[in-house]
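Please examine the sequence and the structure shown below.

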Amino acid sequence: SLIVNGKPVGIDAGETVTVTMPGGETISLKLERNPEVTFKGNGFSFRHSSDYQVSNSAPADDVAQHVIVSGLGTLVLVQAYKGTDPTTLTEFMLNRITQDDVAAGGKLESAPHQRVVANGMTLAGLKGVITSSDESATVEVMAAKTQFGGIIAVSRIDSDNEEADRALVEK
């Protein structure tokens, strides 16, 4: 809810409400959702469309995991590690993410890849393309060591969804 002069006003994004102020004046308020929002984690942040929600979990005591999955199945995953440098895990993560595709007969080709993110940090790792007889997907697994541990960033996008979801993985 929106708080006006200490009182909650029930309003949803896209709605307009009329509020009477203590002096009797009525004002019109409209709440608009920002097209992009910033997710802030421990030692990192990333921007994404406000159409998506970030799901958070802690698969281990020293790992915080943040995930966005589009309705088409495009994945963006960020894991923040406390006290551990995850830069040696990129090949393992790529193989885990693509293991079902490979088991079903897909062919994985990978190469070193890096990306400089908004704060100037360079993430380095692998970019893989998994190809089957009727589809392909691109998977990026990149990591960086930080002062307190490190982060791994993973994305997966099917070639059929490039046009619709490319902006999700590019941010």
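## Helix, sheet and cavity

Helix α1 covers residues 90-103 and contains T90; helices (H or I, at least four residues) and strands (E, at least two) are DSSP runs numbered from the N terminus. The model is predicted: local features need pLDDT of at least 70, side-chain atom pairs count only at pLDDT 80 or more, and totals for chains, interfaces and linings use all residues. Residues are numbered from 1 along each chain as its sequence is written, and side-chain values use heavy atoms, with hydrogens and water left out.

T90 has a relative accessible area of 9% and is therefore buried (buried means under 20% relative accessible area, exposed over 50%, partly exposed in between, with a 1.4 Å probe and protein chains only). Its contacts, apart from neighbours within four places in sequence, are A124, G125, L126, V141, M142 and A143; contact means heavy atoms within 4.5 Å.

**The sheet**

Strands of a sheet pair through backbone hydrogen bonds, either parallel or antiparallel. Here, seven strands form an open sheet with antiparallel pairing, in the order β7-β8-β9-β13-β12-β11-β10. The edges are taken by β7 (55-60) and β10 (107-116), each with a single partner strand, so one side of each has no neighbour in the sheet. On average, neighbouring strands of this sheet are turned by 20° against each other, direction ignored. Angles run from 0 to 180 degrees between N-to-C directions, and axes are lines fitted to C-alpha atoms, for helices over the stretch in contact.

| Strand pair | Bridges | Residues opposite each other |
| β11 and β12 | eight bridges | I130 and A137 |

The hairpin from β11 to β12 runs through four residues.

Within the sheet, V76 belongs to strand β9. With a relative accessibility of 13%, V76 counts as buried. Not counting residues up to four places away in sequence, V76 touches H66, V67, I68, V154, S155, L168 and V169. One of these, L168, is 92 residues from V76 in sequence, yet their C-alpha atoms are 7.6 Å apart in space.

Helix α2 lies across β8 (63-69), β9 (75-82), β10, β12 and β13, and runs at about 175° to β13.

**The cavity**

Rolling a probe the size of a water molecule over the atoms shows where empty space is left. On a 1 Å grid over the protein atoms alone, a cavity is a set of points where a 1.4 Å probe fits but cannot get out, and lining residues have an atom within 4 Å of a point. Grid points are joined across faces, edges and corners, and a volume is the space filled by probe spheres set on the points.

The model has one cavity of 30 Å³ or more, and the largest cavity holds about 40 Å³ of space. Its lining consists of R115, T138, V139, E140, S155, I157, R166 and V169. At least two lining residues each come from β12 (136-146), β13 (149-158) and α2 (162-170), and β12 gives the largest share, three residues. By class, the lining has three nonpolar, two polar and three charged residues. Ala, Val, Leu, Ile, Met, Phe, Trp, Tyr, Cys and Pro count as nonpolar, Asp, Glu, Lys and Arg as charged, and the others, Gly among them, as polar.

Note on methods
1 Å grid on protein atoms, 1.4 Å probe; cavity = no way out; pocket = protein on both sides within 12 Å on 5 of 7 lines; lining within 4 Å. Pairing = 2+ DSSP bridges.
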